[in-house]
Amino acid sequence: MPRKNPGRERPQRRKRTHHAEPGDAFRCVGCRMDVPMLAPGTAHRNHCPHCLTSLHVDHRVPGDRRAGCRGRMAALSVTVRRDGEWLIIHCCQSCGGLSANRIAGDDNALALLRIAIRPLSDSRLPVSALLAL
C-alpha cells in the first residue's frame, strides 16, 4: 500500500556504510536460516523474514548499529501506522527494551497474521470488546 506522505520520511542511515556487499547474509538466531541483507520495502534488514526474530543492534536510528545489548528480540505484536504500513513490535529478551520495525516485502505473511490475531485468542479479554474498538 502506498504511503500517504511520501515526502515525510524517517531518518535512516545508508545501508552501504555498515555492510560491504549487498549480497551479504546473516544467520537468524531464532530459526538458524540464512537471511539476505537486501530487504524489499526497507533500507535496513532488521529481522528474519521467516520467524520475525531480531537482534537488539540499533539504538535510536534504524541502521545505526549502536545498541550495546545485542540480545535476542522476539516479535511481540504488530501495529499499523495511519498510512497503512505495518510495524512489528519487538521485545528484547535481555534488557526488556521495545522497538518498532517496519515489515519487509518478503516477510512471512502467516507469521505476521499469527501475531496480529494473538489478542483474539486471549480468553481474559472478551472478543466483543476488541470488535468495538
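A residue is called buried here when its relative accessible area is under 20% and exposed when that area is over 50%, with partly exposed in between (1.4 Å probe, protein chains only). The structure is a predicted model, in which local features need pLDDT of at least 70 and side-chain atom pairs count only at pLDDT 80 or more, whereas totals for chains, interfaces and linings use all residues. Residues are numbered from 1 along each chain as its sequence is written, and side-chain values use heavy atoms, with hydrogens and water left out.

Helices (H or I, at least four residues) and strands (E, at least two) are DSSP runs numbered from the N terminus, and two strands are taken to pair if DSSP finds at least two bridges between them. On these terms, the model contains an open sheet of 4 strands in the order 3-4-5-6, with antiparallel pairing. Strand 3 (54-55) and strand 6 (98-102) each have a single partner strand and stand at the edges, so one side of each is left without a neighbour in the sheet. Strand 4 (residues 72-80) and strand 5 (residues 86-92) are joined in the antiparallel sense over 7 bridges, with T79 opposite L87 and A75 opposite H90. In the hairpin of these two strands, which has 5 residues between them, G84 takes a positive phi near 95 degrees. Strand 3 and strand 4 pair over 2 bridges, also in the antiparallel sense, and S54 has M73 of strand 4 as its bridge partner.

The buried residues of helix 1 are A111, L112 and I115. Seen down the helix axis, these residues fall within an arc of 100 degrees (taken from the directions from the axis to the C-beta atoms), so they line one face of helix 1. The buried residues of helix 1 pack against strand 4 and strand 5, where contact means heavy atoms within 4.5 Å, while the face turned away from the buried side carries the exposed residues A109 and R114. At the start of helix 1, a side-chain oxygen of N108 reaches to within 3.0 Å of the backbone nitrogen of L110.

A nonpolar core is a set of buried Ala, Val, Leu, Ile, Met, Phe, Trp, Tyr and Cys residues joined through side-chain atoms within 4.5 Å. The largest such core comprises 7 residues, namely L52, A75, V78, I88, A111, L112 and I115, and its largest share, 3 residues, comes from helix 1. Not counting residues up to four places away in sequence, L112 touches L52, V78, W86, I88, I103 and D107.

Definitions and conventions:
Polar contact = N/O pair within 3.5 Å; in protein donor to acceptor, adjacent residues only side chain to side chain.
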